[in-house]
Amino acid sequence: MAKITLDNLAHSYLAQPAKDDDWALKELNHDWVDGEAYALLGASGCGKSTLLNIISGLLRPSRGRILFDGRDVTDAPTAERNIAQVFQFPVVYDTMTVGENLAFPLKNRGADPAYISERVNAIAAMIGMEDQLRRKARGLTADAKQKISLGRGMVREDVNALLFDEPLTVIDPHMKWELRTQLKQLHHDFGHTMIYVTHDQTEALTFADKVVVMHDGRVVQIGTPQELFERPEHTFVGFFIGSPGMNLFDAEISGGTARLNGAEVALGASYAPVGGRSQIGVRPEFVRLEAGGEGVPARVLRVEDVGRHKIVRLDVGGTVANAILDEGQPVPAGADRLRFEPEAINVYSDDWRVAPERAQGRAA
Amino acid sequence: MNKTVNQKAWFLVLPVLVLVAFSAVIPLMTVVNYSVQDTFGNNVFFWAGLDWFEQMLESERMWNALGRQLIFSGIILAIEVPLGIFVALNMPKKGFWASFCLVLMSLPLLIPWNVVGTIWQIFGRVDIGLLGYTLDKLGISYNYTQDFVAAWATVIVMDVWHWTSLVALLAYAGLQSIPDAYYQAAKIDQASRWSVFRYIELPKMAGVLMIAILLRFMDSFMIYTEPFVVTGGGPGNATTFLSIDLVKMALGQFDLGPAAAFSIMYFLVILLISWVFYTVMTNLDKREGR
């Protein structure tokens, strides 16, 4: 187990990267704290897998260094890094039995046979395949194979880190939940540093202590699920996390108020003059619908009942926005005004969040 | 199920029947016909029963040719399969050089048998051939027309030169179908180079290798043109393989009856070995899947 440091790391798949866009991974400095469970969240193609492959040594970064506990391993081969990694698509050794598959990483490191069989049995129990240990891996279903891949990743106890590259994509939903719980338990029991790549926010939020959100080759925010929800540092985080994502409106900011479509909106704090494109973001959970009175004019487009709550689609001066109403709560008759909870409003300048002038208590 | 009876459908099968009849059945029947009769010329035939078959089974000449044939096929398989795999493993995976290698590897396959024989016949000559002359000047005794070892070496090297590409190309196709993730996982699992070959590459190549071995076995078992052009079956009978012997018997000595019996048995042997081979390979495959 080790602290993993990324030092000015950047990567491009091109030999001569020139433009900003040529970089699959833009310059990055980050410490992965020993023993934490991270989720790496982002849309497909944002550089998540690239980052993972750099950490495990399958890819050499074009720039920067990577350190394990302060030791430079940028040029160290994968084997030397002692890392476990599970890939999106199942990789099993077809001609081996399930048991041999699980034992393979230990065998290659010359572990004691008694220890190997003990570990194999423990892992088989964890992935629910004890009764299939002697079966050939060929011909198993995709999710059985992926369970073997996961098992092979977890069989070593002394790894520096466990990396998961969207490992549950091919697994059916019921098993997904169970395996995720198992992974969390494993983390709890052994305290491995874990990095879990996914584009599924539920998966990220339930698995991780800290979520790292990536966008366009850049890490845009690292925080607890709660921080990501309440204080998205970048409009992408606001939009990507939450269902539906955060509402964004172009607005003029002056001091403690925002001017939006002619209406004044009170902010929870006071801001210095904001440059660039200024916007306010507010999550649908903190939008209230009212008929008449003060507030931002809006028109109800339609109401979607998704079971636990209702999602109201709104047209706010040409921008589509959402509001969430609890299940029992009716849509007020003739609703044409929106009110936002001042504490829940974030201010953005050119997509990045602007900190308020006065220190603002972070609502728990 | 109600079937509509329509005898006209036979007309659709007819072309194939005619084709197969003229290309395979009738010639084969002619051979069967010769194999059970004797003739003294003038198209006068006498019934001979299974005499020719008995004679052939007791003939030392045929058993010797069969022995040489098996040894030849065995040796070229033992060289070409591992060598083909080795070449495939070391070919570039993509880019200009991958295409370049593919073209280069295909070249020997495009050369007609006769020409291959002629190339090596000249190449190995001690007076004007580059290979023969060089070996001779180096003080190595090499003369495929007189020395039994030199003749075998020439014929085997020629076949390896001509056909290893086929094995290599098939193995290469098998290798190309392995996703990157397998190699990455092997690195993570700290698998040795040998383990990667044994547990990833070989299983993925197994299917195409089976085809390669089968093709090479059948082809080498029927080889005629190349050794005939180079050594003519000599020195003595050293490189007289089954086909060469058969032609000598049928066209050289005009022993049509024995030659016909010989060819039928030859055909059955190839069929039998290929069938056994195929069955064993597919069963191995199935058992592993269980």
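1. A salt bridge here is a side-chain nitrogen of Lys or Arg within 4 Å of a carboxyl oxygen of Asp or Glu. By that criterion B:Glu80 forms a salt bridge with B:Arg216, with the closest N and O atoms 2.8 Å apart. B:Glu80 lies in helix α3 (residues 60–90) of chain B and B:Arg216 in helix α9 of chain B, so the pair ties together parts that are 136 residues apart in sequence. Helices (H or I, at least four residues) and strands (E, at least two) are DSSP runs, numbered from the N terminus. Both B:Glu80 and B:Arg216 are buried, where buried means under 20% relative accessible area, exposed over 50%, and partly exposed in between (1.4 Å probe, protein chains only). A network of salt bridges links B:Glu80, B:Asp159, B:Arg216 and B:Asp219.

2. On the basis of the numbers: this is a predicted model, in which local features need pLDDT of at least 70 and side-chain atom pairs count only at pLDDT 80 or more, while totals for chains, interfaces and linings use all residues. Residues are numbered from 1 along each chain as its sequence is written, chains are lettered from A and ligands numbered from 1 in the order in which they are written, and side-chain values use heavy atoms, with hydrogens and water left out.

3. Chain A has nine helices and 22 strands. Its C-alpha trace spans about 75 × 45 × 35 Å along the principal axes. Of the 364 residues of chain A, 52% count as buried. Among contacts (heavy atoms within 4.5 Å) in chain A between residues at least 6 apart in sequence, 67% join residues at least 24 apart.

4. One sheet of chain A deserves a point. Strands β17, β18 and β19 of chain A form an open sheet in that order, with antiparallel pairing; two strands pair if DSSP finds at least two bridges between them. β17 (299–305) and β19 (319–326) of chain A stand at the edges with a single partner strand each, so one side of each is left without a neighbour in the sheet. Neighbouring strands of this sheet are turned by 25° against each other on average, direction ignored. Axes for such angles are lines fitted to C-alpha atoms, for helices over the stretch in contact, and angles run from 0 to 180 degrees between N-to-C directions.

5. Six bridges join β17(A) to strand β18 (residues 309–316) of chain A in the antiparallel sense. A:Glu304 stands opposite A:Ile311 in β18(A). A:Glu304 also forms a salt bridge with A:Arg302, the closest N and O atoms being 3.1 Å apart. A:Arg302 is partly exposed at 44% relative accessibility, and A:Glu304 is partly exposed at 25%.

6. The side chains of A:Arg339 and A:Glu290 meet in a further salt bridge (3.3 Å, N to O). A:Arg339 lies in strand β20 (residues 337–340) of chain A and A:Glu290 in strand β15 (residues 287–290) of chain A, so the pair ties together parts that are 49 residues apart in sequence. A:Arg339 counts as partly exposed at 33% relative accessibility, as does A:Glu290 at 24%. Over all chains the structure holds 24 salt bridges.

7. The contact between the chains takes 24 residues from chain A and 20 residues from chain B. The area buried between chain A and chain B is about 2,000 Å², of which carbon and sulfur atoms give 55%; buried area is the accessible area (1.4 Å probe) that two parts lose on being put together, summed over both. A:Tyr93, A:Thr95 and A:Arg138 supply 26% of the area that chain A buries against chain B, more than any other three residues. Two salt bridges are counted between chain A and chain B. A:Arg152 forms a salt bridge with B:Asp189, with the closest N and O atoms 2.8 Å apart.

8. In helix α8 (residues 180–188) of chain B, B:Ala181, B:Tyr182, B:Ala185, B:Ala186 and B:Ile188 are buried. They cover an arc of only 160° around the axis, which puts them on the same side of α8(B); the arc is that of the directions from the helix axis to the C-beta atoms. The buried residues of α8(B) pack against α1 (48–56), α2 (78–81), β6 (83–86) and α5 (142–154) of chain A, together with α9 (193–221) of chain B. α8(B) is followed by B:Gln190, whose phi is positive, near 60°.
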